[in-house]
Structures are given as structure tokens and as C-alpha cells.
Amino acid sequence: MTSADNTTREAKSNEVVSTGDIISTTAGSEVLVRFKDNSTMIVRSDSKVKISQFRFEKKATDTVNTNLMSGTLRAVSGQIAKATPQNV
């Protein structure tokens, strides 16, 4: 995982993912990300995704925006998509 400040670290169970983080996987690995709004994202093998924006305050301004830079992912929407689908 690469932070917005370009610090690289290995992802660990229950680690906090922040806006600006880039999640990268290698061959044979996957990462499950569970967001505060109960949405989930599985970053598949040999993939890279950036968490461009995430805000969840149970308001109309809540938003989530990810950028799949390479590879594949699977996502299941959560409370933000149910309440304000235009913000996803």
C-alpha cells in the first residue's frame, strides 16, 4: 500500500485505509477493503486501485470515488450508494 505522502507499507488485517492511498496486489494475492459505510471492495491479483475520495458522515455530501489504475476489482456498494447514488 502506498500512502498519499508516498510512504509504502505492507497491508495488514484491520489496517486503516485513507483517502489518497493506493492499494497494489501482486500475483496470487488479493485484498478485501471494508469501508465505514459497509461497502466492500476486493482488489484482485496484480491490480492497483487508488482511494481518491471517501467521506461518510450520514449526510447528502457523503461520497466515494475510487480509481482502478490497473487490473481488476469487485465492489459491493454500501450506505452511500443507497442514500445518494449520484455520489458514487
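Okay, some ground rules. What we have is a predicted model, where local features need pLDDT of at least 70 and side-chain atom pairs count only at pLDDT 80 or more, while totals for chains, interfaces and linings use all residues. Residues are numbered from 1 along each chain as its sequence is written, and side-chain values use heavy atoms, with hydrogens and water left out.

Let's start with the sheet. Three strands make up an open sheet, ordered β2-β3-β6, and they pair antiparallel. Who sits at the edges? That's β2 (31–34) and β6 (73–76); each has a single partner strand, so one side of each has no neighbour in the sheet. On average, neighbouring strands here are turned by 10° against each other, ignoring direction; that angle is between lines fitted to C-alpha atoms, on a scale from 0 to 180 degrees between N-to-C directions.

Now zoom in on β2 and β3. β3 covers residues 40–43, and four bridges join it to β2, with the two running antiparallel.

On to the charges. A salt bridge here is a side-chain nitrogen of Lys or Arg within 4 Å of a carboxyl oxygen of Asp or Glu. How many do we get? Three, by that rule.

Have a look at R9. Its side chain meets that of E15 in a salt bridge, 2.4 Å from N to O. R9 also forms one with D21, where the closest N and O atoms are 3.3 Å apart. R9 and D21 are 12 residues apart, both in the segment before β1 (22–24). Put together, R9, E15 and D21 are linked in a salt-bridge network.

So, is D21 buried or exposed? Buried, at 2% relative accessibility; the cut-offs are under 20% relative accessible area for buried, over 50% for exposed, and partly exposed in between, using a 1.4 Å probe and protein chains only. R9 is partly exposed at 26%, and E15 is partly exposed at 26%.

Last one: E30 and R44 form a salt bridge through their side chains, 3.0 Å from N to O. E30 lies in the loop between β1 and β2, R44 in the loop between β3 and β4 (48–55), and they are 14 residues apart. E30 is partly exposed at 48%, and R44 is partly exposed at 27%.

Conventions:
Two strands pair if DSSP finds at least two bridges between them.
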